[in-house]
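Good morning, and thank you for coming.

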Amino acid sequence: MVLALVITLLMTTTVTVQAKHIHLESLEVLLESLIIKPIIRGLAIAAPTGVWLRGDGTSFVRNFDRVILYNPPVEGILPSLNILLKILFPVYSLLIVSIGFYLLLCSSSPEGRVRAKSLLGKLIITLVVISLSPKLIWLILSISRDLTDSIFTLTSLELIGNILDGGIWGMLILATWSMIPDVELGIIPYILVYVFAWLPYMIISLRSIILTALMILFPLGILLYSIPGLKSIGKTILEQFLVWTFIQAFMALALVSVAKAFSVTTLVSNPEITCLNVFPIPGVNNLLAWFFTSIDLGSVSLMELGFGSVAHFAIILVPIVMITLFKKFLP
Amino acid sequence: MDKKIKIFVLLTAILLLSTSVNAIGALVIGIIDVALAEGFKLLAKGWIVTSGWQVVGLFYEKIFDSFPLLLTTNPPLSEITPGIFFFIKIIAPFYILAILVLALYILIASSDVRRRAKAKSLLSNLIIGLVLISISPFVLGILFIISENLAKVLMSMGGTTGIDVLEGASSGLYNKFWKLTLIHRTGGIELFAIHATLLFGLTVLLLLRHAMVILFGMLLPLAFFLYSFYPTKRIGKDLFIQAFLWTFMPVAWTLALVIIGIGIGSMPSYIPEFYILIGALFFFIGSPMMILGVGDWLAFLVFLFEVLQAAPLSIGAVVIDETMK
């Protein structure tokens, strides 16, 4: 009896010890490639991105009209503008006095005198314009803002918002679909999610920064524009100020155009991709379906994804097109 | 035999049996394990391949079905005219003001004959511009009719063959992707990235054209207005050219499809078909730049170089290279 017990114990120990050393590669592959890593990709990459998109990620989508309509406040640049004006007024006085001396003492030729008189006239006019520059800047910004606001009335803002929303969520759905089996497969759409979320803000912030700088330089631009030798520099400053101001109107126009194109374009077949059937395992699939529907991540059609991407790209491309087209337009 | 010896023999036999059973079991388990592991690896690769197919084959490639429709139609004018009239309303007061000021200048201020002549020429330009602005929806309508008819004629000349070639190129890229993936799970990723990006780019370009036609169509009155004044003449001209180019881009595309359809049949048989198809796909994407001069040739060549140089550096190529060795 005792002997039988000892034998059984020995055998059990051997099997257990041996079992502990068993290295099942198949189990590893199954867990790694088909269960654990896909779940981790879904829950640690795609799902947090989805949660982020519900909040900050779609901030531009929710506020695009307000963001595009935003202009840097003129009050904010007044201190800097006043400093520049304080520097410019003595320069003006010096220039006017120099022309006066030139007219009185130096110039003998009628042509020179005519040119000096013309320059004097220009300087006096620009002096008035410069002293009014804060009002003038405010006026130009208001015209641009009102024009942009009117352009937005050409279509429904809700439709534009839906198109932008479709683009960014569509990219995430596509990224999720592709990255669950292999993360590299979905890397491009995943990068595009961030491009769509950040780049419009970056472009609009860039506009605000450049516009602020150009608003400060505006009086200097007017002064330089009136002096023959420095006209080209003044012209560039004024032209850039006008172009960067009216970029908002063209951004609005681009979005309106995309919305109109979206409402009239039809595709012969408009396939959909849904991230609910990402997993080949039904149980996980249901779990994922519940999770993603709870964060509004459903399906996207080719039209929604295409036009959503076009809308985002349009915001990014508009400044480039504007700067390329609108140059050297001042006389 | 002694009882103790019997027990000892039995014990030894049991131990030997258990050891051999364990050894055989381990062998069997090992074989099953390897088979299962390879099976699961294949399943994982299959999953990558099917996901890839869902993205390119069942999603992006469906844009080819809409090619004839997208290339032979323009957005309806009824969608653009509100925008055109919006800009006419903004521009018209400036026009009237400019004409009034110029007329007053001719009548009262100018005594110089040259300046009067110049002012009169500008006045006539303004009047022509005003007429053009008021008929700008019709001008756009005529451009649309010409573009649509040309595209339809070209499409009927063998455009569908060209579309089949492009689909063939896409299928070829997918075939290379899944074969490379079966060799190594990340082997075809770069090829997939290029494939998906090309199809995505194509979709975006086709849809962008519709948006751009609407945008530059709405800006047509502004183009005529700016063209009327000497300092802004170039901008007006550029705006009109943009409206013209985006409207006639489908003509360039359908022409490219016809060229592809004709050219594909005359290619020497010793060139592998896949490379010809890929060449056709790149030609189609670059055709508006080549035919209409949209964008920059150099930029397109740089883009082409970037895409082509990425392919040999892909993991897939390295894997194949290593396997062949």
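Predicted model: local features only at pLDDT ≥ 70, side-chain atom pairs only at ≥ 80, totals over all residues.

Please look at helix α9 of chain B, residues 233-265. This helix has 33 residues and spans 47 Å between its first and last C-alpha, close to the 48 Å expected at 1.5 Å a residue. Where does α9(B) bend? The bend, of about 40 degrees, is at B:Phe248, and a proline, B:Pro250, follows within four residues.

Chain B contains 12 helices and 0 strands. Of its 325 residues, 36% are buried. If we take the contacts in chain B between residues at least 6 apart in sequence, 78% of them join residues at least 24 apart.

I turn next to the partner chain. In chain B, 54 residues are in contact with 48 residues of chain A. Which elements give two or more residues to that side of chain B? They are α1 (3-57), α3 (77-109), α7 (189-218) and the helix with which I began, α9. The greatest contribution comes from α1(B), with 20 residues. In terms of residue class, this side of chain B has 35 nonpolar, 12 polar and 7 charged residues.

One residue deserves attention in this context. B:Phe59 lies in the loop between α1 and α2 (67-72) of chain B. Is B:Phe59 buried or exposed? B:Phe59 is buried, because 23 other C-beta atoms lie within 10 Å, and the cut-off for a buried residue is 20 or more. Leaving aside residues up to four places away in sequence, B:Phe59 touches A:Pro271, A:Ile273 and A:Leu302, together with B:Gln54. By contrast, B:Val139, which is 80 residues away from B:Phe59 in sequence, is 37 Å away in space, C-alpha to C-alpha.

Finally, a helix pair within chain B. The axes of α4 (residues 113-134) and α8 (residues 220-228) come within 9 Å and cross at roughly 175 degrees. The two helices are therefore roughly antiparallel. On the α4(B) side, the contact is made by B:Asn125, B:Leu126, B:Gly129, B:Leu132 and B:Ile133. On the α8(B) side, the residues are B:Pro221, B:Phe224, B:Phe225, B:Tyr227 and B:Ser228.

Notes:
Residues numbered from 1 in each chain as written. Chains lettered and ligands numbered in written order. Buried ≥ 20, exposed ≤ 12 C-beta atoms within 10 Å, placed from the backbone. Contact = placed C-beta atoms within 7 Å. Expected span 1.5 Å × (residues − 1). Bend = angle between axes of the 7 residues up to and from the residue. Nonpolar A, V, L, I, M, F, W, Y, C, P; charged D, E, K, R; others polar. Axes fitted to C-alpha atoms, helices over the stretch in contact; angles between N-to-C directions. Parallel < 35°, antiparallel > 145°, perpendicular 65-115°, else oblique.
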